[in-house]
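Good morning, and thank you for making time for this presentation. Please look at the structure on the screen while I go through its main features.

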Amino acid sequence: MEQEKVLEVKNLQKHFKLGRSNIVKAVNDISFDIYKGETFGLVGESGCGKSTTGRTIIRLHDATGGQVVFNNENVHGKKSKKDLLKLNRKMQMIFQDPSSSLNPKMTVMDIVAEGIDIHNLAKSESDRKMRVEELLETVGLNREHATRFPHEFSGGQRQRIGIARALAVEPEFIIADEPISALDVSIQAQVVNLLKKLQRDYGLTFLFIAHDLSMVKYISDRIGVMYFGNMVELAESDELYNNPLHPYTQSLLSAIPLPDPDYERYRKRMAYDPAEHDTSEEPVFREVKQDHWVRCTTKEFEQYKKQLEKN
Ligand SMILES: Nc1ncnc2c1ncn2[C@@H]1O[C@H](COP(=O)(O)OP(=O)(O)OP(=O)(O)O)[C@@H](O)[C@H]1O
């Protein structure tokens, strides 16, 4: 059965002009789709353009080139305020650092109700209160927490408040930008489990951004690996872990801090050297095997195909 595409990212580019001749090509030219109900993991080291990709998808940045199509609607097309608001309700974002994304002067009630107020979702003050209290319980907090302020909570609890705020407008698609990176390892799994549960309960679609591959494997159906503004490899999670082809993906896998017995063979840390690539032509994104894409030259494409036959 053909899966339903929620998001189509087509040749997306985002360049920042810092001076007359200083242009940062944060997102060079990337394309990928996200299917309904799946979690797409986007990984790569700091500065490779993951957050910019997420922010451009949700129109927090204008795109320099390319297209983002959400439920068959061109996100960056000309829109009325009303249409923008409608789009904003369907696509929400959860941020890395819960402390800086929650206004310290607002109560949890007002933080979580922000979207409810903007979109006029509550019929009355008591309905607003009831909705917030229900949301707090959904994310594993108590209704009594509604009257408190962000500083009274732990990092994990603050992230739960951020999740409740995103959920309040009943979105279809959530971009989680490194939602667990700032949390203690012991808390990370709890937040990931909460996100998985919410996905099951509400049929949500996620773009999950992370800088390492350890937790992403557990949460993602498919994973895209970014390097310097380009997507260098894309495959289903198991395929990517079992048959990484691009040397940068292999290097990321070798850096997983807690060795998983299944992937013992990658324990030896491998450094990525971009100079090792074939330079006879410009690399492009090619499908080496069904649903397994790698940015490579024709020569590398043949090598990767042979490598897969051997594996
Ligand atoms: N608003 C901006 N203005 C100028 N340059 C920017 C802006 N936002 C990001 N950049 C630059 O774009 C590049 C990609 O940054 P981005 O934050 O998207 O990467 P990232 O992979 O998400 O990194 P991190 O994990 O550190 O957030 C970097 O060189 C960054 O300095």
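In the largest nonpolar core, which has 73 residues, V43, V112, A164 and F208 touch the most other members. A nonpolar core here is a set of buried Ala, Val, Leu, Ile, Met, Phe, Trp, Tyr and Cys residues joined through C-beta atoms within 7 Å. A residue is called buried if 20 or more other C-beta atoms lie within 10 Å of its own, exposed if 12 or fewer, and partly exposed in between, with C-beta atoms placed from the backbone.

Two remarks on the source are needed. This is a predicted model, in which local features need pLDDT of at least 70 and side-chain atom pairs count only at pLDDT 80 or more, while totals for chains, interfaces and linings use all residues. Residues are numbered from 1 along each chain as its sequence is written.

Let us follow F208. Which residues does F208 contact, leaving aside its neighbours within four places in sequence? They are T39, F40, G41, A176, V216, I219 and S220, where contact means that the C-beta atoms, placed from the backbone, lie within 7 Å.

Helices (H or I, at least four residues) and strands (E, at least two) are DSSP runs, numbered from the N terminus. Strands pair if DSSP finds at least two bridges between them. β3 and β8 run parallel and are joined by 5 bridges, with L207 in β8 as the bridge partner of F40. Strand β7, residues 173-177, is also parallel to β8 and joined to β8 by 5 bridges; there, A176 has F208 as its partner.

I turn now to the helices. V112 lies in helix α4, residues 108-118, whose buried residues are V108, I111, V112 and A113. These pack against α5 (125-138) and α6 (155-167). Just after α4, N120 takes a positive phi of about 50°.

In helix α10, residues 247-254, the buried residues are Y248, T249, L252 and L253. They lie on the same side of α10, because they cover an arc of only 140° around the axis, the arc being that of the directions from the helix axis to the C-beta atoms. The buried residues of α10 pack against β3 (39-43), β9 (222-227), β10 (230-236) and α9 (237-242).

The loop between β1 (5-17) and β2 holds L18. Is L18 buried or exposed? L18 counts as exposed, because it has 9 C-beta neighbours inside 10 Å.

Finally, the ligand. Of the 13 residues around the ligand, F16, A26, S46, S51 and T52 come nearest; a residue is near if its C-beta atom, placed from the backbone, lies within 6 Å. β2 (23-35) and α1 (50-57) each supply at least two residues of this shell, and α1 gives the most, with 3 residues.

Notes. Contact = placed C-beta atoms within 7 Å.
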